[in-house]
Amino acid sequence: MKKTTIAAIATAQGQGGIGVIRVSGEESIDIVDKIFKSVSGKKVSDLKGYRASYGKIYSGKDIVDEVVVLVFRAPHSYTGENIVEISCHGGLYVTRQILNLVLKNGASIAEPGEFTKRAFLNGKIDLTEAEAVMGIIGAKGKSAAKAAIAAREGALSKKINLIKDELVNLAAFLSVWADYPEDDIPEVERESILKRLNVVCKSLEKMISQYDSGKALIDGIETVIIGSPNVGKSTLMNLLSGTQRCIVTDIPGTTRDIVEETVILGDITLRLSDTAGIRDTKDPVELIGVNLAKSRVKSAQLVLVVFDGAKELSEADKNLICSLDCANTVAIINKSDLPMKIDRSLIEKKINNIVYLSAKTGNGLESLGEVITKVVGLADIEPSNGILATQRQYFAAISALEGVKEAINAVTGGFTLDAVTVSVEYAVDELLNLTGEKATKVVVDEVFSKFCVGK
Amino acid sequence: MKYLAGTYDIIVIGAGHAGIEAALAASRIGCKTAIFTINMDAVGNCPCNPSIGGTAKGHLVREIDALGGEMGKTADECFLQSRMLNKGKGPAVHSLRVQIDRDKYRRVMKRKLERQENLDLRQAEIVEIEKTDDGIWEVTTRLNAVFRTKAVIIATGTYLSSKIYIGEVSYESGPDGIFPASFLSKSLVNLGLRLRRFKTGTPARVLRSTIDFSKLEIQEGDERIVPFSYHSREIGENKVVCHIGYTNEETKRIILENINRSPLYSGEIKGKGPRYCPSIEDKVVRFADKERHQFFVEPCGLETEEMYIQGISSSLPEEVQNKLYHSIEGLEHALLMRPAYAIEYDCVDPVQMNATLEFSELPGLYGAGQFNGSSGYEEAAAQGLIAGINAALKIKGEEPLALDRSTSYIGTLIDDLVTKGVSDPYRMMTSRSEYRLVLRQDNADERLMPYGRKVGLVSDSIWEAFKSRQEIKKEEYKRLKDVVFQPTEELNNIIVSRETTPIISGIRMLDLLKRPQITYECLTPVDKTRPNVDKSIFEQIEVEIKYEGYIKRQLSQINNMRRLEVKKLPHDVDYSKIIGLRLEAIEKLNLVKPENIGQASRISGVSPADVSVLLIWLSQNSKGGKINE
């Protein structure tokens with residue numbers, strides 16, 4: 001099996017000044033040479049690493065675009081393989097056309113994250129970094145990218161390292177006490193061990209509790225928009241997504257299935273579903289939509305319930321209010337550009353978070369962002385502060401916490417301290433797994449650097 | 001002129017603690033064996049502490065004994081004072097340590113070698129080891145005798161090209177004034193072994209009558225004496241006491257004033273010293289804020305007045321040593337019979353070996369003990385035993401004995417050496433084992449005796465005793481499940497007096513013993529059906545019951561480890577050809593040539609990412625394809 005050369009459009013697909021097509025693999029240089037002619041006449045294969053060349057991409061005899069070609073030679077590239085990056089004019093048409101040319105000449109289309117996978121397999125980045133990069137690729141909002149980059153920069157590692165260092169120190173303390181019983185070292189106090197363990201326990205618990213929010217930053221918050229028919233749900237959705245996604249009419253029941261869209265609101269990402277208006281209906285098609293909407297409400301992380309501020313509350317509205325579980329609900333009183341007729345008190349009784357907004361003009365959108373941030377618990381998170389961004393880190397922290405709790409139980413349960421040591425080292429090992437070190441070695445090193453022991 | 005002097009199955013070079021175990025094991029398994037010592041009076045010498053055991057080292061001795069080695073038995077025969085360390089700190093770290101009569105130990109060990117069938121004990125300095133074309137090894141002595149053999153076990157300890165340092169003075173010498181092995185290193189390098197230079201040291205020996213013991217604290221032995229060996233029954237009472245004292249500010253001043261005269265600090269000594277066994281000058285410099293350092297006074301034997309001063313090893317000039325020892329309370333007038341010294345010696349990079357202690361590239365050549373980069377009598381003996389067993393098994397055409405980390409401290413020690421390598425002399429510690437609640441000194445027989453029996457080193461009588469003990473233990477477990485205590489006043493009084501909650505309904509004895517506060521001991525008045533068997537069985541059961549949760553977790557970790565351990569890596573892999581490995585990992589893997597993925601994962605410099613790459617490579621390779629993607 002020959003190692004394939006892969007290619008993909010590296011920049012966001014859409015309108016933009018510049019588009020980049022990245023080609024990675026042994027044959028990347030030869031492939032690009034087949035479609036590129038430089039102004040200087042120099043072939044790409046004659047270029048050293050880190051060199052650029054200006055010229056044109058041809059499809060047969062036709063010029064496709066004027067481009068700049070950048071060469072990275074193995075192993076000095078992101079993936080560790082030969083890489084050619086073609087910078088062309090932005091826009092879907094040109095970038096896709098160039099990509100097609102590259103594919104026709106021998107490359108295969110890259111799977112999502114495949115460049116990073118190769119970088120990892122070639123030892124250019126470690127697993128934690130790779131996961132962080134995958135986070136960036138998938139990141140759908142500014143906060144997500146910030147968190148992912150912070151993880152890459154090691155904010156997470158720093159935080160985990162602090163906890164790890166404390167545990168290693170504790171383990172070394174217990175180890176020296178067990179391995180050097182005859183030496184002149186401080187007595188081990190169960191009370192102080194317990195105190196230190198409790199502090200570590202709290203830090204880990206905090207990291208873990210932020211995981212859901214952290215994941216929300218990366219993946220986006222699953223959100224549904226509900227409300228009686230024709231209160232402006234789809235207009236809101238269109239406002240949020242910035243396109244005419246839904247067919248907006250003034251005929252109630254226009255939206256029959258669930259329209260999904262990922263939208264960015266300020267710092268956060270919402271995975272938004274617009275649902276059919278919830279009302280009693282006899283239209284079987286619409287009914288399916290209504291039931292679907294109801295089940296979505298149950299599973300969503302965030303519910304935006306929309307009311308028409310220019311009208312009195314209908315019976316349907318009142319029923320809806322009663323049926324809601326309100327912890328994760330934001331009430332949006334729409335059409336704030338029109339005179340208010342709605343009786344707010346009934347809504348206020350049930351729902352704490354209310355936002356006034358005009359989906360038509362966009363007024364109030366900012367305060368919606370703030371309220372959502374508060375409701376889903378993101379307000380406490382400083383994205384660059386190292387949240388547990390990936391499953392692996394999450395599970396490492398969970399296992400470490402398990403070890404620490406076990407150690408605490410051993411101390412309070414009256415077990416001898418050798419059992420405590422074993423649990424502490426288990427926790428250390430789980431955290432070290434993220435970087436590949438080994439507890440037995442790390443702890444022994446700590447013993448000899450911190451304690452004066454030995455004959 | 002060289003002459004052919006004899007033929008053996010196995011030749012052991014060095015008759016220290018490693019060599020002795022290797023030679024005894026090999027000859028007992030049935031191989032015609034010779035053991036060479038550079039000086040007949042240095043067989044089984046203890047050139048440092050007059051003691052055996054200690055934390056984790058005590059575990060090693062018990063394990064050696066369970067496998068059928070000799071160290072535990074001889075220590076029992078020669079003990080002067082016995083102490084179980086770490087009582088109260090938990091069963092995992094209980095460790096036996098005994099003071100021994102050093103002269104007696106040497107004599108007893110020599111006698112055992114002399115009387116062993118299949119074994120020749122000979123005095124000669126080995127100067128050359130060569131491999132002949134027919135796969136046979138040839139070993140040459142300084143006196144030109146050539147011996148032909150199928151396997152060679154190198155156990156040269158601190159004698160290999162060794163050099164002694166005392167202040168500005170240095171000279172080529174082995175320990176205790178015995179001449180060194182000065183020629184062998186070159187021959188080993190020619191064979192392709194990577195040698196390095198390590199350093200260790202020992203304190204002064206002081207005349208007993210010149211010590212003022214009234215100024216020192218006394219340290220008594222245990223009342224209840226537990227032997228090391230499963231052979232030993234009654235081994236008698238403590239015969240000596242030890243003493244504890246402390247250095248002071250004046251000692252520190254003297255050391256710092258003369259620190260530039262220490263070869264360690266002047267740069268004279270290049271060898272890497274052990275971190276766990278620092279000289280007094282090291283302690284003073286590295287831990288400058290410590291006002292005093294503890295030391296122990298240990299008798300060297302019953303028929304000598306020499307006392308070993310544990311804790312004050314040094315390579316300062318003799319003149320300074322006198323001053324610094326005399327600055328210490330109790331040692332003001334001490335006569336230093338032998339000065340402290342540092343010794344530098346050649347040893348091998350142990351990653352060149354596999355878990356049987358055979359050099360991967362040189363079949364039939366084995367290494368053991370300090371030569372492998374370890375330190376300590378017990379570490380040496382453990383390796384000697386494994387090397388001896390494996391050399392013999394190989395000659396007999398049987399499966400090798402490679403103990404993994406989960407079986408023993410011996411397995412942990414060897415895995416650490418051959419997988420991780422060493423940067424300073426390696427001492428065993430309980431912290432080095434991730435399975436220490438399972439690897440206790442009380443269950444060494446359960447863990448290892450079946451292996452010892454299989455290779456033929458465990459006698460019928462010991463094996464029968466072991467099996468009957470296991471039977472008794474099984475019966476007792478059954479009884480603990482059957483006995484149900486009712487909530488009587490007598491029982492609840494006992495329970496409450498141990499500060500735990502009284503029972504309100506019947507409870508199985510097994511469940512009651514799960515409470516950390518409840519012991520066999522305290523239940524004696526109410527436990528009417530208790531059999532009259534060895535008390536240590538109750539102690540062992542108690543540990544197993546109380547620590548059940550932890551032990552179970554360690555056992556499941558062991559299973560996880562073994563899953564990676566069975567994923568064998570071919571020996572002839574060129575790791576630079578595996579796409580995806582990082583450069584550092586390639587270098588380390590090519591150096592160590594791990595036998596399986598488990599071992600690979602423990603190599604420092606091999607990251608989890610590299611392990612993933614290896615797993616992917618292995619799975620693709622086994623399907624006959626080549627890894628490229």
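Reply:

**Salt bridges in chain B**

B:Arg197 is partly exposed, as its relative accessible area is 25%. This is a predicted model, and the description below rests on it. The partner of B:Arg197 in a salt bridge is B:Glu344, with 3.4 Å between the closest N and O atoms. The two residues belong to distant parts of the chain: B:Arg197 sits in strand E12 (residues 195-207) and B:Glu344 in strand E18 (residues 341-348), 147 residues apart. B:Glu344 is buried, because its relative accessible area of 4% falls under the 20% cut-off.

A second pair consists of B:Arg208 and B:Glu305, whose closest N and O atoms are 3.0 Å apart. B:Arg208 is partly exposed at 27% relative accessible area, and B:Glu305 is partly exposed at 40%.

B:Arg479 and B:Glu476 form a salt bridge with an N to O distance of 2.9 Å. Both are in helix H13 (residues 460-482) of chain B, three residues apart, or about one turn of the helix. B:Arg479 and B:Glu476 are both buried.

There is also a network of salt bridges, which links B:Arg405, B:Asp415, B:Asp416, B:Lys420, B:Glu434, B:Glu565 and B:Arg602. Over all chains, the count comes to 62 salt bridges.

Conventions
Residues numbered from 1 in each chain as written. Chains lettered and ligands numbered in written order. Predicted model: local features only at pLDDT ≥ 70, side-chain atom pairs only at ≥ 80, totals over all residues. Heavy atoms only, no water. Salt bridge = Lys/Arg side-chain N within 4 Å of Asp/Glu carboxyl O. Helix = DSSP H or I, 4+ residues; strand = E, 2+ residues; numbered from the N terminus. Buried < 20%, exposed > 50% of the residue type's maximum accessible area, 1.4 Å probe, protein only.
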